[in-house]
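Welcome! Open your viewer, colour the model by chain, and get ready to select a few things in turn.

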Amino acid sequence: MSVDQPTTLGRTPYYVLTGGLAIIFLFPLLWSVLASVSPQAGTAQTHGFGFGNYVTMFQFGPGLPTVTFNSVVISALTVGLTLIISTLGGYAFARFKFWGRDALFLLTLSILMVPYATLLIPLYVLLNMVGLANSLVGVSLMIAMYQLPFATYMMRISFEAIPRDLEESALIDGCGTFGVLWRIMMPAVTPGLVTVGLFAFLAAWNDFFAPLILLTDPTKQPLPVAIANMRQQTMGVINYGATEAGVVVMGIPCVILFLLLQRYYVRGFMSGAIKG
Amino acid sequence: MPQGTHVTSTSMTHTLAAEHPVRSSGIALRRAVMGFVYTIPTIIFIVVLFLTPLVLVVKMSLSKWGLLTGDQGYNFPQNYLLISRNQLFWPAVWFTIEYTVIVTILLIGIGLGLALLVQTATRWASVLRTAFLLPVSLGLAAASLLAYGFYSPNIGPISPPLEAIGLIHDPIAFLGTSLAALLSTTFLIVWKYAGFYMLVLVVGLQGISEDLYEAAELDGASAWQIFRHLTLPLLRPSLSLATILCITGSLLAFDQFFILTKGAPDNTTVTAVQVIYREAFQRQNLGTAAALSIMVLLVLIIINALQFRFLRGAKD
């Protein structure tokens, strides 16, 4: 392996190879940004560079603001629900002994074994029955449920990593278990919360299958479904420029969050929570 | 499932109550109740959104159940018999397996290659890791739409420039034939997920002790010998984890084909999950769609069980 070679000269092939690979991986991302502002016949951007394709998205169907709002609501609900449920659950699994605890934990992990597609069709029927058809809440509940195995595991090991002395002295001082959780434990598990929140956001913001099936009303659809539809319906002609503009709008929050929070993302892998 | 579970549950036998035997019974009971209370949201979610639909999908698979008509009573084994008569079913099974094999071999191979290239703790390696991981943060639907333009004869960065300089006369049909569509989709998936598998394997590589490498080098082992006889065997749990994630993920492929090919040409790129989708929402038969879902679930459970035994075997 070239890593052992001491001289800069000996490492040149390594830099050329890895640099080339990095360019290959980054090229499609850069290309989509460029394509979205490039001139193209049959789009709103026919001459020179500009944001015509983005204007097209504002006017298509329910419009970019509505669609983005739907994506934001789904993401916020999913992240909120996942954080609350996995914090309480992780705390209980890490620090309390109660009947059925290990069985419940295994049951939570077993969600990972069941494919999305298997549960979406009965959920479609169930949500219709309880009046949550075409509801952003229904979609968020579904996505949050699928986050629980990873999130609960992650929060459990985050709580387990906290020294017991910390909470014991607080308990002796007359603090209730919820007080201990809120005042003593929460600051210590913040990195775990960021990791769980990041994974939940990426899952919710990017989900395609659940909204495709559960949201048939175009004014309720989030970005991925709306932009996939937009591409097809412009009078039979495919508007590639506007499609790439949509990719950029969907991709920018993910790329920025990822660059800011990369080490929390990697933590998710280091913890062993990806298993299962 | 995760090996970590076994480790953590043993370390938890020391509860607070056990450490204070004098006040133990009352406190233990109170803590047991509180622990249970904190898991109530988890229990509600699992019962309402996981177990209930799971029971319902079994019931649906045993019933005549139309998308618009609803439950029309049991008809077992009608839905299961109809599966094999569905013209799309066997080609889709075959295509899904073909796709899974190709994607898994490429992703694990390339993921391992990338992991070996970025495992050092240098600045350059961390820049590389970020570059390889960026496509992972993008959603699969967004990546598929990106590829839709990338492969297009209108704005793609490959076909139009080659035409402009006269190297080719007709645009390259990246999605034109069944094989081309399979390879183009595979390229997209490898680009999007290689960084993910790299990260899984980097974590495994970092778990291998430096001392072992030093000892091997002192013994005069070559780089290849070290890789073959030290790295690879010790990486087996991570490789096996990456493989199972890749197989199960690929068997459930939907978004990428739904967006890129819609099954074209001639329904040759239809995956198993697409058949479920079409049964439910185009042919409007939720009963057969549910039966298909159960089949897919069973296949996944079998694969997971095999992998579990394989991992156990590796540890013994």
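Predicted model: local features only at pLDDT ≥ 70, side-chain atom pairs only at ≥ 80, totals over all residues.

Residues are numbered from 1 along each chain as its sequence is written, while chains are lettered from A and ligands numbered from 1 in the order in which they are written.

**Stop 1: select chain B.** You will find 16 helices and 2 strands in chain B; helices (H or I, at least four residues) and strands (E, at least two) are DSSP runs, numbered from the N terminus. The C-alpha trace of chain B spans about 85 × 70 × 30 Å along its principal axes.

**Stop 2: select residues 63–66 and 70–74 of chain B.** These are β1(B) and β2(B). They pair in the antiparallel sense over 3 bridges, where pairing asks DSSP to find at least two bridges between the strands. A hairpin of 3 residues joins β1(B) to β2(B). Which residue of β2(B) does W65(B) stand opposite? It is D71(B). Strand β2(B) lies largely in the open, because 0 of its 5 residues are buried (20 or more other C-beta atoms within 10 Å of a residue's own, with C-beta atoms placed from the backbone).

**Stop 3: show both chains.** The contact takes 77 residues from chain A and 73 residues from chain B; two residues are in contact if their C-beta atoms, placed from the backbone, lie within 7 Å. Now highlight α12(A), residues 240–270: this helix gives the most to the side of chain A that touches chain B, with 15 residues.

Methods
Buried ≥ 20, exposed ≤ 12 C-beta atoms within 10 Å, placed from the backbone.
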